[in-house]
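Let's take a friendly walk through a protein model together. Have a look at it first, and then we will start with a single side chain.

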Amino acid sequence: MSTALKVNLGERSYPISFGSDLAGEVRTMAEGFAAAGRRVVVLTDQNLIDHHFGALHEMFPDLPMHIVAPGEATKSLAEFGRVLDFLAEQRMDRTGVLFAVGGGVIGDLGGFAAASYLRGIDYFQVPTTLLAMVDSSVGGKTGINLPVGKNLVGAFHQPRGVFISTSLLTTLPPREFSAGTAEVIKYGLLGDAALFGQLEYATLTAASPSLGGIIHRCCALKGRIVELDEREQAKDGGRALLNLGHTFAHAIEQATGYGTYLHGEAVAIGLCAAARLSQKLELLHPADIKRIETVVAAHALPVGLREPLPLADLLAATARDKKARAGLPRFIVLKKIGSAVTHDSVPPALVEASFREVGAQ
(Lines give C-alpha, C1' and ligand atoms only; values in the text may rest on other atoms or scores of the structure.)
Protein backbone atom coordinates (compact mmCIF):
# COMPACT_ATOMS: atom_id res chain seq x y z
CA MET A 1 0.00 0.00 0.00
CA SER A 2 1.44 3.34 -1.03
CA THR A 3 0.95 6.77 0.43
CA ALA A 4 1.21 9.97 -1.54
CA LEU A 5 1.62 13.70 -1.31
CA LYS A 6 0.88 16.20 -4.03
CA VAL A 7 3.03 18.93 -5.51
CA ASN A 8 0.45 21.62 -6.27
CA LEU A 9 1.35 23.48 -9.46
CA GLY A 10 -2.01 23.93 -11.17
CA GLU A 11 -2.15 21.98 -14.42
CA ARG A 12 1.40 20.75 -13.74
CA SER A 13 0.51 19.22 -10.35
CA TYR A 14 1.56 15.65 -9.71
CA PRO A 15 1.67 13.01 -6.97
CA ILE A 16 4.71 11.59 -5.21
CA SER A 17 3.92 8.01 -4.21
CA PHE A 18 5.77 6.32 -1.33
CA GLY A 19 6.00 2.65 -0.42
CA SER A 20 8.34 -0.24 0.11
CA ASP A 21 7.77 -1.71 -3.36
CA LEU A 22 5.77 0.20 -5.98
CA ALA A 23 6.77 -1.95 -8.96
CA GLY A 24 3.19 -3.16 -9.42
CA GLU A 25 1.84 0.39 -9.48
CA VAL A 26 4.46 1.48 -12.00
CA ARG A 27 3.68 -1.50 -14.25
CA THR A 28 -0.05 -0.86 -14.09
CA MET A 29 0.44 2.76 -15.11
CA ALA A 30 2.83 1.90 -17.96
CA GLU A 31 0.48 -0.79 -19.26
CA GLY A 32 -2.41 1.65 -19.10
CA PHE A 33 -0.58 4.13 -21.28
CA ALA A 34 0.34 1.42 -23.76
CA ALA A 35 -3.25 0.15 -23.87
CA ALA A 36 -4.37 3.70 -24.69
CA GLY A 37 -2.06 3.74 -27.70
CA ARG A 38 0.70 5.85 -26.18
CA ARG A 39 4.29 4.82 -26.82
CA VAL A 40 6.16 4.13 -23.58
CA VAL A 41 9.94 3.84 -23.18
CA VAL A 42 12.43 3.55 -20.33
CA LEU A 43 15.74 5.28 -19.62
CA THR A 44 18.02 3.64 -17.08
CA ASP A 45 21.69 2.87 -16.44
CA GLN A 46 23.89 -0.19 -16.20
CA ASN A 47 23.78 -0.20 -12.40
CA LEU A 48 20.06 -0.89 -12.51
CA ILE A 49 20.58 -3.68 -15.02
CA ASP A 50 23.24 -5.23 -12.77
CA HIS A 51 21.49 -4.87 -9.41
CA HIS A 52 17.75 -4.47 -10.05
CA PHE A 53 17.04 -6.34 -13.27
CA GLY A 54 14.23 -8.23 -11.57
CA ALA A 55 12.52 -5.02 -10.48
CA LEU A 56 12.98 -3.49 -13.93
CA HIS A 57 11.48 -6.56 -15.58
CA GLU A 58 8.55 -6.50 -13.16
CA MET A 59 7.84 -2.85 -13.95
CA PHE A 60 8.56 -2.94 -17.68
CA PRO A 61 8.54 -6.54 -18.97
CA ASP A 62 8.55 -5.68 -22.68
CA LEU A 63 9.19 -1.97 -23.14
CA PRO A 64 12.02 -0.43 -25.20
CA MET A 65 14.87 0.53 -22.90
CA HIS A 66 17.86 2.83 -23.38
CA ILE A 67 20.74 1.96 -21.06
CA VAL A 68 23.52 4.45 -20.30
CA ALA A 69 26.72 4.27 -18.30
CA PRO A 70 26.37 5.27 -14.63
CA GLY A 71 27.99 8.41 -13.29
CA GLU A 72 27.95 12.18 -13.62
CA ALA A 73 29.87 12.09 -16.91
CA THR A 74 26.71 10.73 -18.54
CA LYS A 75 25.03 14.13 -18.11
CA SER A 76 26.68 15.33 -21.31
CA LEU A 77 25.68 16.83 -24.63
CA ALA A 78 26.77 13.64 -26.37
CA GLU A 79 24.63 11.34 -24.24
CA PHE A 80 21.72 13.78 -24.41
CA GLY A 81 21.88 13.48 -28.18
CA ARG A 82 21.87 9.69 -27.98
CA VAL A 83 18.76 9.73 -25.80
CA LEU A 84 16.99 11.99 -28.31
CA ASP A 85 18.02 9.64 -31.11
CA PHE A 86 16.56 6.74 -29.11
CA LEU A 87 13.24 8.55 -28.72
CA ALA A 88 13.15 9.27 -32.44
CA GLU A 89 14.02 5.66 -33.31
CA GLN A 90 11.10 4.52 -31.15
CA ARG A 91 8.85 6.85 -33.15
CA MET A 92 7.70 8.66 -30.05
CA ASP A 93 5.01 11.27 -30.71
CA ARG A 94 3.71 13.98 -28.39
CA THR A 95 1.57 11.46 -26.52
CA GLY A 96 4.68 9.40 -25.68
CA VAL A 97 5.79 8.70 -22.11
CA LEU A 98 9.30 8.29 -20.76
CA PHE A 99 10.07 6.56 -17.44
CA ALA A 100 13.40 7.68 -15.95
CA VAL A 101 14.56 4.88 -13.64
CA GLY A 102 17.76 5.52 -11.68
CA GLY A 103 19.59 8.11 -9.66
CA GLY A 104 19.86 11.84 -10.11
CA VAL A 105 21.85 11.57 -13.33
CA ILE A 106 19.11 9.54 -15.01
CA GLY A 107 16.39 11.83 -13.72
CA ASP A 108 18.17 14.98 -14.89
CA LEU A 109 19.11 13.56 -18.29
CA GLY A 110 15.76 11.87 -18.89
CA GLY A 111 13.80 14.88 -17.76
CA PHE A 112 15.74 17.20 -20.06
CA ALA A 113 15.25 14.83 -22.99
CA ALA A 114 11.52 14.72 -22.23
CA ALA A 115 11.43 18.53 -22.01
CA SER A 116 13.21 18.89 -25.37
CA TYR A 117 11.89 16.12 -27.58
CA LEU A 118 8.99 17.45 -29.71
CA ARG A 119 9.09 20.47 -27.34
CA GLY A 120 7.93 18.35 -24.45
CA ILE A 121 6.56 14.90 -23.67
CA ASP A 122 5.38 13.38 -20.39
CA TYR A 123 7.82 11.62 -18.11
CA PHE A 124 7.80 9.89 -14.74
CA GLN A 125 10.55 9.67 -12.16
CA VAL A 126 11.36 6.32 -10.54
CA PRO A 127 14.33 7.26 -8.30
CA THR A 128 16.54 4.43 -7.08
CA THR A 129 19.06 6.27 -4.90
CA LEU A 130 18.52 8.10 -1.63
CA LEU A 131 19.77 11.36 -3.15
CA ALA A 132 17.28 11.13 -6.01
CA MET A 133 14.43 10.15 -3.69
CA VAL A 134 14.83 13.07 -1.31
CA ASP A 135 15.86 15.73 -3.82
CA SER A 136 16.46 15.50 -7.54
CA SER A 137 13.35 13.52 -8.55
CA VAL A 138 11.05 16.26 -7.22
CA GLY A 139 10.67 19.79 -8.56
CA GLY A 140 11.13 19.55 -12.32
CA LYS A 141 14.72 20.78 -12.64
CA THR A 142 16.32 18.89 -15.51
CA GLY A 143 19.63 19.35 -17.24
CA ILE A 144 23.10 18.32 -18.29
CA ASN A 145 26.63 19.54 -17.63
CA LEU A 146 29.09 21.40 -19.81
CA PRO A 147 32.87 21.03 -19.36
CA VAL A 148 32.98 24.50 -17.80
CA GLY A 149 30.18 23.99 -15.30
CA LYS A 150 27.45 21.83 -13.86
CA ASN A 151 23.81 21.96 -14.97
CA LEU A 152 24.43 24.91 -17.29
CA VAL A 153 21.99 23.51 -19.88
CA GLY A 154 18.51 22.42 -18.90
CA ALA A 155 14.83 23.18 -18.52
CA PHE A 156 12.09 23.29 -15.94
CA HIS A 157 9.87 20.34 -16.84
CA GLN A 158 7.76 18.79 -14.10
CA PRO A 159 7.28 15.02 -14.07
CA ARG A 160 3.76 13.63 -14.23
CA GLY A 161 4.48 11.55 -11.14
CA VAL A 162 7.21 10.20 -8.88
CA PHE A 163 7.36 6.64 -7.51
CA ILE A 164 9.57 6.18 -4.43
CA SER A 165 10.19 2.50 -3.51
CA THR A 166 12.43 2.30 -0.47
CA SER A 167 13.16 -1.40 -1.11
CA LEU A 168 15.38 -0.27 -4.00
CA LEU A 169 17.81 1.16 -1.45
CA THR A 170 18.69 -2.26 -0.03
CA THR A 171 21.41 -2.88 -2.62
CA LEU A 172 22.69 0.70 -2.74
CA PRO A 173 26.45 0.73 -1.99
CA PRO A 174 27.23 2.35 1.39
CA ARG A 175 29.09 5.21 -0.28
CA GLU A 176 26.08 6.01 -2.48
CA PHE A 177 23.72 5.88 0.51
CA SER A 178 25.98 8.24 2.46
CA ALA A 179 26.02 10.61 -0.51
CA GLY A 180 22.24 10.78 -0.31
CA THR A 181 22.30 11.65 3.36
CA ALA A 182 24.08 14.91 2.45
CA GLU A 183 20.85 16.15 0.89
CA VAL A 184 18.89 15.02 3.95
CA ILE A 185 21.27 17.03 6.16
CA LYS A 186 20.78 19.96 3.79
CA TYR A 187 17.03 19.91 4.33
CA GLY A 188 17.49 19.90 8.08
CA LEU A 189 19.84 22.87 7.87
CA LEU A 190 17.77 25.02 5.53
CA GLY A 191 14.29 24.47 6.91
CA ASP A 192 13.79 21.73 9.51
CA ALA A 193 15.82 22.08 12.70
CA ALA A 194 13.98 19.13 14.24
CA LEU A 195 15.12 16.91 11.38
CA PHE A 196 18.70 18.04 11.92
CA GLY A 197 18.34 17.23 15.60
CA GLN A 198 17.05 13.78 14.68
CA LEU A 199 20.17 13.21 12.56
CA GLU A 200 22.32 14.35 15.48
CA TYR A 201 20.61 11.84 17.75
CA ALA A 202 20.77 8.87 15.38
CA THR A 203 22.77 8.44 12.19
CA LEU A 204 20.55 7.61 9.23
CA THR A 205 21.22 4.20 7.65
CA ALA A 206 19.49 2.00 5.11
CA ALA A 207 18.16 -0.03 8.05
CA SER A 208 16.81 2.94 10.03
CA PRO A 209 13.11 2.53 10.89
CA SER A 210 12.75 6.26 10.32
CA LEU A 211 14.07 6.16 6.72
CA GLY A 212 10.72 6.16 4.95
CA GLY A 213 9.37 8.96 7.09
CA ILE A 214 12.48 11.08 6.58
CA ILE A 215 12.28 10.67 2.79
CA HIS A 216 8.63 11.76 2.90
CA ARG A 217 9.57 14.71 5.12
CA CYS A 218 12.27 15.94 2.73
CA CYS A 219 9.97 15.62 -0.28
CA ALA A 220 7.21 17.52 1.53
CA LEU A 221 9.61 20.35 2.38
CA LYS A 222 10.91 20.55 -1.18
CA GLY A 223 7.39 20.37 -2.58
CA ARG A 224 6.27 23.34 -0.48
CA ILE A 225 9.25 25.41 -1.62
CA VAL A 226 8.72 24.52 -5.28
CA GLU A 227 5.03 25.39 -5.07
CA LEU A 228 5.94 28.92 -3.96
CA ASP A 229 8.78 29.51 -6.44
CA GLU A 230 8.68 26.91 -9.21
CA ARG A 231 11.19 28.57 -11.53
CA GLU A 232 13.52 30.08 -8.92
CA GLN A 233 12.48 33.64 -9.69
CA ALA A 234 12.03 34.96 -6.15
CA LYS A 235 14.19 37.98 -5.47
CA ASP A 236 15.20 36.59 -2.09
CA GLY A 237 14.92 33.12 -0.62
CA GLY A 238 12.50 30.89 -2.50
CA ARG A 239 13.68 27.89 -4.43
CA ALA A 240 17.27 29.13 -4.39
CA LEU A 241 17.44 28.01 -0.75
CA LEU A 242 17.53 24.42 -2.01
CA ASN A 243 21.02 25.22 -3.31
CA LEU A 244 22.50 25.47 0.18
CA GLY A 245 26.11 24.30 -0.12
CA HIS A 246 25.78 23.78 -3.86
CA THR A 247 27.71 26.81 -5.10
CA PHE A 248 30.77 25.41 -3.32
CA ALA A 249 29.88 21.83 -4.29
CA HIS A 250 29.47 22.49 -8.00
CA ALA A 251 32.83 24.27 -8.07
CA ILE A 252 34.46 21.24 -6.46
CA GLU A 253 32.83 18.87 -8.94
CA GLN A 254 33.82 21.00 -11.92
CA ALA A 255 37.40 21.44 -10.73
CA THR A 256 37.80 17.67 -10.29
CA GLY A 257 36.19 16.68 -13.58
CA TYR A 258 33.07 15.09 -12.08
CA GLY A 259 34.91 11.91 -11.20
CA THR A 260 36.55 12.34 -7.80
CA TYR A 261 33.55 13.08 -5.62
CA LEU A 262 30.00 11.83 -5.77
CA HIS A 263 27.56 14.72 -5.92
CA GLY A 264 26.47 14.17 -2.33
CA GLU A 265 30.08 14.12 -1.14
CA ALA A 266 30.72 17.46 -2.82
CA VAL A 267 27.51 18.78 -1.27
CA ALA A 268 28.69 17.66 2.16
CA ILE A 269 31.90 19.68 1.78
CA GLY A 270 29.83 22.52 0.39
CA LEU A 271 27.57 22.50 3.45
CA CYS A 272 30.62 22.77 5.70
CA ALA A 273 31.99 25.63 3.58
CA ALA A 274 28.60 27.39 3.63
CA ALA A 275 28.49 27.03 7.40
CA ARG A 276 31.93 28.61 7.71
CA LEU A 277 30.88 31.42 5.39
CA SER A 278 27.78 31.96 7.53
CA GLN A 279 29.99 32.25 10.61
CA LYS A 280 32.22 34.80 8.87
CA LEU A 281 29.08 36.82 8.13
CA GLU A 282 28.36 36.69 11.88
CA LEU A 283 25.23 34.59 11.43
CA LEU A 284 26.37 31.31 12.99
CA HIS A 285 28.31 30.58 16.17
CA PRO A 286 31.49 28.43 16.17
CA ALA A 287 29.54 25.77 18.09
CA ASP A 288 27.14 25.48 15.14
CA ILE A 289 30.06 24.68 12.83
CA LYS A 290 31.06 21.87 15.13
CA ARG A 291 27.51 20.49 15.21
CA ILE A 292 27.26 20.53 11.43
CA GLU A 293 30.63 18.92 10.84
CA THR A 294 29.89 16.25 13.46
CA VAL A 295 26.65 15.24 11.72
CA VAL A 296 28.32 15.27 8.29
CA ALA A 297 31.19 13.07 9.50
CA ALA A 298 28.81 10.72 11.33
CA HIS A 299 27.18 9.96 7.97
CA ALA A 300 30.53 8.91 6.46
CA LEU A 301 30.81 12.12 4.45
CA PRO A 302 33.85 14.39 4.01
CA VAL A 303 33.97 17.69 5.86
CA GLY A 304 36.86 18.89 3.68
CA LEU A 305 38.68 18.11 0.46
CA ARG A 306 40.50 14.78 0.38
CA GLU A 307 43.30 16.42 -1.62
CA PRO A 308 43.97 20.15 -1.97
CA LEU A 309 42.52 21.92 -5.01
CA PRO A 310 43.79 25.19 -6.49
CA LEU A 311 41.80 28.07 -5.09
CA ALA A 312 41.94 29.85 -8.45
CA ASP A 313 40.19 26.92 -10.17
CA LEU A 314 37.44 26.83 -7.55
CA LEU A 315 36.85 30.57 -7.74
CA ALA A 316 36.71 30.44 -11.54
CA ALA A 317 34.10 27.68 -11.37
CA THR A 318 32.14 29.65 -8.79
CA ALA A 319 32.05 32.67 -11.11
CA ARG A 320 30.39 30.50 -13.77
CA ASP A 321 27.77 29.09 -11.41
CA LYS A 322 24.27 29.20 -12.89
CA LYS A 323 22.90 30.94 -9.79
CA ALA A 324 25.07 34.03 -10.37
CA ARG A 325 23.26 37.36 -10.75
CA ALA A 326 24.64 40.49 -12.41
CA GLY A 327 27.95 38.66 -12.79
CA LEU A 328 28.26 37.99 -9.06
CA PRO A 329 28.07 34.59 -7.32
CA ARG A 330 25.01 33.99 -5.16
CA PHE A 331 25.37 32.09 -1.92
CA ILE A 332 22.91 30.49 0.45
CA VAL A 333 23.89 31.07 4.06
CA LEU A 334 22.48 30.00 7.41
CA LYS A 335 20.93 32.42 9.88
CA LYS A 336 20.77 29.48 12.26
CA ILE A 337 20.43 25.74 12.01
CA GLY A 338 17.03 25.25 10.39
CA SER A 339 16.87 28.64 8.63
CA ALA A 340 18.65 29.78 5.46
CA VAL A 341 18.69 32.96 3.37
CA THR A 342 20.12 34.05 0.02
CA HIS A 343 23.05 36.46 -0.02
CA ASP A 344 24.07 38.27 -3.21
CA SER A 345 26.90 40.47 -1.95
CA VAL A 346 29.33 38.21 -0.12
CA PRO A 347 32.81 39.76 0.05
CA PRO A 348 35.16 37.68 -2.15
CA ALA A 349 37.70 37.44 0.66
CA LEU A 350 35.19 35.55 2.81
CA VAL A 351 34.47 33.10 0.01
CA GLU A 352 38.19 32.51 -0.48
CA ALA A 353 38.69 31.98 3.26
CA SER A 354 35.80 29.49 3.38
CA PHE A 355 37.26 27.52 0.48
CA ARG A 356 40.67 27.49 2.17
CA GLU A 357 39.22 26.19 5.42
CA VAL A 358 37.84 23.12 3.64
CA GLY A 359 41.19 22.43 1.94
CA ALA A 360 41.73 24.71 -1.05
CA GLN A 361 45.20 26.08 -1.69
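Is Asp108 buried or exposed? Asp108 is buried, with a relative accessible area of 11%; buried means under 20% relative accessible area, exposed over 50%, and partly exposed in between (1.4 Å probe, protein chains only).

Before going on, note that this is a predicted model, in which local features need pLDDT of at least 70 and side-chain atom pairs pLDDT 80 or more, while totals for chains, interfaces and linings use all residues. Residues are numbered from 1 along each chain as its sequence is written, and side-chain values use heavy atoms, leaving out hydrogens and water.

Asp108 has a partner: its side chain meets that of Lys75 in a salt bridge (2.8 Å, N to O). The term stands for a side-chain nitrogen of Lys or Arg within 4 Å of a carboxyl oxygen of Asp or Glu. Lys75 sits in the loop between β4 and α4, and Asp108 in helix α5, so the pair ties together parts 33 residues apart in sequence. Helices (H or I, at least four residues) and strands (E, at least two) are DSSP runs, numbered from the N terminus. Lys75 also counts as buried, at 3% relative accessibility.

Now turn to helix α8 (residues 193-201), where Leu195, Phe196 and Leu199 are buried. They lie on the same side of α8 because they cover an arc of only 100° around the axis, taken from the directions from the helix axis to the C-beta atoms. The face turned away from that buried side carries the exposed residues Ala194 and Tyr201.
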